[in-house]
Amino acid sequence: MTAALEAVAVESPDVRVTHAQLAADPFRLRDLVGRGGRAAVFDAGAVGVLAALVALDGWASDVYLAGALRPELPPGTCSLSAEAFVSPLRDTGRSPGDLPAGAVTRWHLFTSGTTGEPRAVSHPLAALARSARPGPARRGRRWGLLYEPTRMAGIQVLLQGLTATETVLDATGLRSLGDRIDWLVGARVSALSATPTLWRQILQTPRSDRLELDQITLGGEIADRRVLHALGRAFPDARITHVFASTETGVAFSVSDRQEGFPASYLTDPPSGIRLEVRDGILFVEAPHASVSGLDGFVSTGDLVAVDDDRVRFLGRASGVVNVGGTKVSPEQVESVLREHPDVLDSVVVARRSPFSGWILTAQIVAAPRSDESSLPDRLRRFCGTRLETAAVPAIVKIVPALSSPTGKAGRT
């Protein structure tokens with residue numbers, strides 16, 4: 001057995017499992033599912049999802065990573081809930097097998113549901129693992145997991161750990177963000193992935209200054225200039241990477257130059273050979289293996305972008321644009337302006353129906369310490385008025401203690 005396989009694959013406050021143990025199918029998942037069968041993984045935690053990735057790829061025909069969802073599944077699908085992964089780890093002497101030549105397991109992930117009902121999108125594992133990078137230079141890295149492991153962002157962390165035989169530190173079972181950061185500090189985390197919303201919260205968390213990170217990854221939302229600069233100041237020696245990946249497209253590309261958006265050269269010379277196109281202001285990604293791809297192999301990301309000289313910048317979700325008094329407004333652009341104010345730590349803008357103007361915008365903001373909260377709403381509306389069209393100025397500004405959602409993204413409901 002190599003030293004790499006003896007390394008810890010996943011560690012949480014309650015369990016520790018090595019890569020060698022995962023390779024032996026310790027929960028006998030292939031016995032439960034059967035060759036060529038279907039399986040659904042519910043609320044299994046990082047250990048369960050990792051065990052399924054190792055044992056069932058190339059064994060099952062379909063695996064649904066459902067998490068807390070309870071979707072309608074095909075008859076005969078084997079349900080693998082948390083109970084399937086609590087038995088003592090056993091050395092079965094196995095290693096993962098393969099289906100007949102040409103057969104590929106379809107891994108079904110579910111969209112977050114932030115813009116509608118969650119829906120399943122399938123990919124082969126190779127497409128999901130495109131951003132994972134093996135190599136001796138990365139050996140020994142310890143990845144913190146803050147995402148639900150069945151979500152696209154969580155899968156990316158798990159696949160990085162598997163591909164490079166590194167350790168995933170699963171903090172998702174801890175109740176508060178402060179508890180998770182405390183545990184990750186003690187567990188010597190060296191790489192951490194989070195949404196920009198979650199990173200803004202992490203930077204305000206006690207003991208976050210004790211994190212010793214050499215890799216910072218952002219994804220799932222627009223990474224604006226302010227959060228990129230804040231991370232650069234807090235972790236000057238870390239590599240900061242913005243990964244563009246979604247449930248619909250899989251992994252498309254990443255940027256590590258600490259700037260908003262991505263180089264316009266990616267449109268003509270795509271990184272990793274994954275083609276990108278802008279059609280009617282919306283970014284499309286080549287993902288022919290995705291179940292939602294069009295006849296040309298491209299998938300709409302639903303993201304509005306603007307090509308500005310040598311940079312492509314994200315403007316917001318096309319589905320989120322609303323008509324306020326005859327003017328089309330993107331809530332994400334208003335949020336970006338609000339975050340530029342020195343008394344604002346974070347913001348989320350939501351459109352509400354109005355009998356007079358069609359829609360109005362309401363903003364929730366987290367105030368910076370020692371700011372004058374009594375006058376802040378009025379000051380913020382005046383601040384927006386100098387930078388935005390009148391229709392884009394929030395009609396209501398409310399101060400809240402924190403912004404949160406199960407996916408780590410800004411909630412817009």
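## A tour of the predicted chain

Thr165 sits in the loop between helix H6 (152–163) and strand E9 (167–170); helices (H or I, at least four residues) and strands (E, at least two) are DSSP runs, numbered from the N terminus. Thr165 has a positive phi of about 50 degrees although it is not a glycine. With a relative accessibility of 17%, Thr165 counts as buried, where buried means under 20% relative accessible area, exposed over 50%, and partly exposed in between (1.4 Å probe, protein chains only).

A word on the basis of all this: the model is predicted, so local features need pLDDT of at least 70 and side-chain atom pairs count only at pLDDT 80 or more, while totals for chains, interfaces and linings use all residues. Residues are numbered from 1 along each chain as its sequence is written, and side-chain values use heavy atoms, with hydrogens and water left out.

**The whole chain**

The protein chain has 11 helices and 23 strands. It holds 413 residues, of which 53% count as buried. Its accessible surface comes to about 18800 Å², and 50% of that belongs to carbon and sulfur atoms; the areas come from the Shrake-Rupley method with a 1.4 Å probe, and for residues only the protein chains shown count as cover. Looking at contacts (heavy atoms within 4.5 Å) between residues at least 6 apart in sequence, 62% join residues at least 24 apart.

Helix H4 covers residues 45–56, and its 12 residues should span 16 Å at 1.5 Å a residue, which agrees with end C-alpha atoms 16 Å apart; the expected span is 1.5 Å times one less than the number of residues. Because 11 of the 12 residues of H4 are buried, the helix is largely enclosed by the rest of the structure.

Ala52, which is found in H4, is buried at 0% relative accessibility. Leaving aside its neighbours within four places in sequence, Ala52 is in contact with Leu29, Val41, Asp57 and Trp107. Just after H4, Gly58 takes a positive phi.

| Residue | Phi |
|---|---|
| Arg28 | near 55 degrees |
| Gly58 | about 80 degrees |
| Thr165 | about 50 degrees |

Arg28 belongs to the loop between helix H2 (19–23) and helix H3 (29–33), and at 32% relative accessibility it counts as partly exposed.

**A three-stranded sheet**

Three strands form an open sheet in the order E21-E22-E23, with mixed pairing. Strands E21 (344–354) and E23 (396–399) stand at the edges with a single partner strand each, so one side of each has no neighbour in the sheet. On average, neighbouring strands of this sheet are turned by 25 degrees against each other, direction ignored. E21 and strand E22 (residues 358–367) run antiparallel and are joined by 10 bridges; two strands pair if DSSP finds at least two bridges between them. Ser347 stands opposite Ile365 in E22.

Two helices lie across these strands. Helix H10 (residues 331–339) lies across E21 and E22, at about 145 degrees to E21. Helix H11 (residues 376–385) lies across E21, E22 and E23, at about 135 degrees to E23. Axes are lines fitted to C-alpha atoms, for helices over the stretch in contact, and angles run from 0 to 180 degrees between N-to-C directions.
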